[in-house]
Amino acid sequence: MTNRPPRIDLIRNVERALRDASLQRQMGKAMPASRKARADVVAELPEWESLRSTAAGIKDHVLANLESYLRQLESQVSALGGTVHWASGAAEARAIITDLARSRGVRRIVKSKSMTTEEISLNAALEAAGARVVETDLGEYVVQLAGERPSHLIAPVIHKPTEEIADLFVRKLGVPRYERPEELARVAREVLRAEFLAAEMGITGVNFAIAESGTLVIVENEGNARLTTARPRIHVAVMGIEKVLPRMADLSVFLRILARSGTGQRASVYVSLLTGPRRAGETDGPEELHLVILDNGRRRLLADPGLRTALRCIRCGACQNECPVYRHAGGHAYGSVYAGPIGAVLTPAYEGMERARDLPFASTLCRACADVCPVKIDLPGMLVELRARAVRTGLAPWRDRMLVGAWTFFMRSPARFMLAGDLGRLAQRLVARGGKIERLPYPLSGWTAHRAAPALASTPFRAWWKSRQGGPR
Ligand code: SF4
């Protein structure tokens, strides 16, 4: 018997999300603001497109030479007095970090800025090993209190209205009901201050790791990662193998695109560059620095020519903000750590197609995600590729395979395509009213379960074009 987690039931999760009026209201409020902020600051930069190309080029160069940059990083970190650990999977990474905590008698841990530790379910393992782990970034702290997981790469609590957070704080922290975000942030800060002071170990993610200098770069807005790395005597940084950059000079490109794409800021508030543990004569910084470099399916992805460029991802979340499916379903519907278009690519790659076979279908293929991606990942192309694999391997549900088969048959010749249009126009007489189809019959009924579908035009485009060419221009 295997203990593989069950298949992600995307349809059920999405239906639940669409029925959740509070989630729908919150997503409807938060998403347009995030998209506008990004669009405004991106529009300020005439060189935006060339920055994207440069960033994609650097990432591709890294991916083509990954092992040598990782070895360079390892030797630089070691030369500075840090310790590098290699973890092939989640279980190994958890074991490395829990052993570190146990062997050093660590009871209290603060954490900051790390989706990678979410990916390996680190908190539960550390708690089972007897340590208390507290998330210190405000959003992560809220989801931890709520017993949930982040629903967005950089805005983990975007799904929760402020009133719900106010109630949560009353329930869990026993404080009066504060409703203003600044007041809630103050309460969290006061609680967390004590945690920082008591913690013996700080755990963070890594946004970028510079191979030439062994520098770990953490980008944030609250300053909690800075406290997490400066105050406790042990710092454990966890990074995926793809986070390495060759030179410090490359960093400026990524800092510019990350802040603008992620939070719609011109620059992030804090950028910490950590080069080795505390040295003699220094007053802060950890006595011990451990860098855990995680594979967990990434090398498999690297070896996959159809999907490898997904490893360019810098986890900015812009594709999530832009995706019409994510904007309505929210991050939890994807049933995994990584949600949205990038999640629909990474989850099947990391957790297996059997578990995540529905996720590549959670896209309208409108290409909005590809247009905003600062490292030019062709997410829609990858989603189509994954769909094709699901159909080829028989993993896609029979209904989808049947529809894809029919679609392929009709798209293969112009005559069949026109025949399909004629048949559709004939059939829609039964269901179309005022240019819209409110309800399609099974197996297409899902398309109209939550909104009307547009009816086919009464005149085919080709006929319209022909008549126009003969007429006035
Ligand atoms: S895929 Fe692109 S847009 Fe999406 S999180 Fe990654 S870098 Fe950002």
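Colleague: Leaving aside its neighbours within four places in sequence, which residues is Phe-208 in contact with?

Modeller: Taking contact as heavy atoms within 4.5 Å, Phe-208 touches Thr-215, Leu-216, Val-217, Val-219, Lys-243, Leu-245, Leu-251, Phe-254, Leu-255, Leu-258 and Ile-314, once neighbours within four places in sequence are left aside. This is a predicted model, in which local features need pLDDT of at least 70 and side-chain atom pairs count only at pLDDT 80 or more, while totals for chains, interfaces and linings use all residues. Residues are numbered from 1 along each chain as its sequence is written, and side-chain values use heavy atoms, with hydrogens and water left out.

Colleague: Why does Arg-94 count as partly exposed?

Modeller: Buried means under 20% relative accessible area, exposed over 50%, and partly exposed in between (1.4 Å probe, protein chains only). Arg-94 has 26% relative accessibility and therefore counts as partly exposed. Arg-94 lies in helix 5, residues 90-103 (helices, H or I of at least four residues, and strands, E of at least two, are DSSP runs numbered from the N terminus), and, not counting residues up to four places away in sequence, Arg-94 touches Ile-120, Ser-121, Leu-122 and Ala-125.

Colleague: At what angle do helix 8 and helix 9 pack?

Modeller: Axes are lines fitted to C-alpha atoms, for helices over the stretch in contact, with angles from 0 to 180 degrees between N-to-C directions. Helix 8 (residues 138-146) and helix 9 (residues 162-173) pack at about 60 degrees, with their axes 10 Å apart. That makes helix 8 oblique to helix 9 (under 35 degrees is roughly parallel, over 145 roughly antiparallel, 65 to 115 roughly perpendicular and the rest oblique).

Colleague: Which residues of helix 8 and helix 9 meet?

Modeller: From helix 8, Tyr-141, Val-142, Leu-145 and Ala-146 meet Ile-165, Leu-168, Phe-169, Lys-172 and Leu-173 of helix 9. The buried residues of helix 8, among them Gly-139 and Glu-140, pack against strand 3 (132-135), helix 9 and helix 10 (181-198), and helix 8 is followed by Gly-147, whose phi is positive, near 70 degrees.
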